[in-house]
Amino acid sequence: MRRFGRTTAAAALAVAVVAGTAGWASADGQSAVTGPPPGTAAWRAEAVGGRPLPDPASATPREVARFFAGLDETGRRELLRSHPLVVGNLDGAPLSLRYEANRLAVLATGEARYASLASPGRRILAFDPRGRGQVAEVFGDLERAGHVAVVVPGSDNDATSHDAPRAAATGPAGMARALRTAAGGDTAVIAWTGYTTPVGVGLDAAERLAEAGAVRLARFTAGLDAVGAPDPALFCHSYGSVVCGLAARHTDAADIVVFGSPGMRADDAAGLGTGARVWAARGPSDWIANVPNVEFAGLGHGTDPTSPAFGARRVPAGDVKGHTGYFAPGTRSLAAFAAIAKGEVR
């Protein structure tokens with residue numbers, strides 16, 4: 001009876017702690033932006049040279065790449081001008097075409113909160129103004145890169161906050177810039193806020209937003225592969241590591257690096273079902289350590305990726321401050337991240 005009482009108490013405690021920490025979503029919930037981009041209906045109604053345009057909802061990135069390879073420059077530019085939101089978000093389309101399409105799409109919104117994304121020299125690889133907005137930006141030359149890294153952020157990130165003032169080397173763009181500077185050379189880094197991230201604290205994000213994000217991340221990496229980019233290293237922060245955990249078996253990532261992670265929806269690295277090398281880091285003052293890595297009644301994100309039981313390779317993070325300091329210049333974690341991104345660690 002005493003043993004049963006301890007078990008019941010432990011279960012009750014699990015419910016309590018998970019209810020307060022498992023999800024990252026506002027009390028009224030976040031609606032995940034999914035499916036093809038705005039303007040898809042008009043795109044589907046058109047044809048080029050008697051050929052239908054690839055359906056953004058069903059065509060694979062490789063099919064998209066083959067379609068654009070068969071177009072001349074005039075045909076590409078006609079589609080760019082007529083359907084910038086579709087072209088800009090079409091995984092498998094030529095990179096330079098997507099950059100230009102997204103500049104036009106940003107300008108077409110007429111919204112001041114997005115205006116900076118259309119500044120000269122920006123390489124915006126994806127832009128979707130629906131909801132809070134989604135965005136992906138490239139730092140470096142992705143078309144010629146020998147190595148590619150993708151930063152997958154956690155909660156409270158969207159297209160509106162992409163250029164908002166932050167502490168140095170934090171936020172998706174700040175992390176990507178810091179990693180690009182540290183890695184240098186022919187490494188391109190993408191800040192990918194390509195899913196609806198949670199906001200605040202609540203239960204509904206325990207899986208729903210991560211599942212939707214995982215589908216989008218898998219398609220995004222397939223798009224990189226379709227245009228000939230190297231297999232990427234994924235750098236997944238906080239709730240973004242849940243997204244990466246669910247997407248792992250569906251990507252061709254060479255490395256998956258999680259930091260400040262509440263769990264990856266797996267009992268151990270083998271459970272991710274990926275051939276990628278899996279890495280984990282947690283700084284000594286990161287508050288994520290206070291989030292219990294439990295699963296109960298379908299809530300919680302699973303085993304702590306930094307625990308020996310999980311089986312990930314450890315990234316040194318003893319000098320990291322707080323939950324967002326992993327890319328701070330001079331830290332051991334940033335140096336290790338750069339080496340992983342460049343493929344220097346075996």
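Predicted model: local features only at pLDDT ≥ 70, side-chain atom pairs only at ≥ 80, totals over all residues.
Residues are numbered from 1 along each chain as its sequence is written, and side-chain values use heavy atoms, with hydrogens and water left out.

**The overall picture**

- The protein has 10 helices and 10 strands; helices (H or I, at least four residues) and strands (E, at least two) are DSSP runs, numbered from the N terminus.
- Of the 346 residues in the protein, 53% are buried, where buried means under 20% relative accessible area, exposed means over 50%, and partly exposed is in between (1.4 Å probe, protein chains only).
- Among contacts between residues at least 6 apart in sequence, 66% join residues at least 24 apart; a contact means heavy atoms within 4.5 Å.

**The sheet**

- Strands of a sheet pair through backbone hydrogen bonds, either parallel or antiparallel.
- Here, 8 strands form an open sheet with mixed pairing, in the order β3-β4-β6-β5-β7-β8-β9-β10; two strands pair if DSSP finds at least two bridges between them.
- The edge strands, β3 (124–128) and β10 (313–314), each pair on one side only.
- β3 and β4 run antiparallel and are joined by 4 bridges, with Ala126 standing opposite Ala136 in β4.
- The hairpin of β3 and β4 has 5 residues between the strands, and Gly131 takes a positive phi near 60° there.
- Although β3 is an edge strand, 5 of its 5 residues are buried.

**Around strand β5**

- β5 is largely enclosed by the rest of the structure, because 5 of its 6 residues are buried.
- β5 runs parallel to β6 (residues 187–193), with 5 bridges joining them.
- From β5 the chain crosses through helix α7 (residues 171–183) to β6 in a right-handed β-α-β crossover; right-handed means that, with the strands pointing away from the viewer, the path from the first strand over the helix to the second runs clockwise.
- β5 also runs parallel to β7, joined by 4 bridges, and Val150 has Leu234 in β7 as its bridge partner.

- β7 and β8 run parallel with 5 bridges between them; Leu234 is paired with Ile256 in β8.
- β7, α9 and β8 make another β-α-β unit, and this one is right-handed.
- Helix α9 (residues 240–247) lies across β5 (147–152), β7 (233–237) and β8, running at about 140° to β7; axes are lines fitted to C-alpha atoms, for helices over the stretch in contact, and angles run from 0 to 180 degrees between N-to-C directions.
- β8 (residues 255–259) and β9 (residues 277–281) pair in the parallel sense over 5 bridges, and Val257 has Trp279 as its bridge partner in β9.
- In a regular strand the side chains alternate between the two faces of the sheet.
- Both faces of β8 are covered, with Asp255, Val257 and Phe259 buried on one side and Ile256 and Val258 buried on the other.

**The nonpolar cores**

- A nonpolar core is a set of buried Ala, Val, Leu, Ile, Met, Phe, Trp, Tyr and Cys residues joined through side-chain atoms within 4.5 Å.
- The largest core has 42 residues, and those touching the most other members are Leu125, Leu142, Val150, Ile190, Trp192, Leu224 and Ile256.
- Helix α8 (residues 208–226) gives the most to this core, with 6 residues.
- Apart from this core lies another, of 29 residues, including Met175, Val189, Phe235 and Ala336.

**A covered helix and a buried threonine**

- Helix α10 (residues 332–341) is mostly covered, with 8 of its 10 residues buried.
- Among the elements covering the buried residues of α10 are β5, α7 and β9.
- Gly343, with a positive phi near 75°, follows α10.
- Thr197 lies in the loop between β6 and α8 and counts as buried because its relative accessibility is 0%.
- The side chain of Thr197 reaches the backbone oxygen of Asn157 at 2.7 Å.
- Leaving aside neighbours within four places in sequence, Thr197 is in contact with residues including Gln30, Arg132 and Leu209.

Note on methods: Polar contact = N/O pair within 3.5 Å; in protein donor to acceptor, adjacent residues only side chain to side chain.
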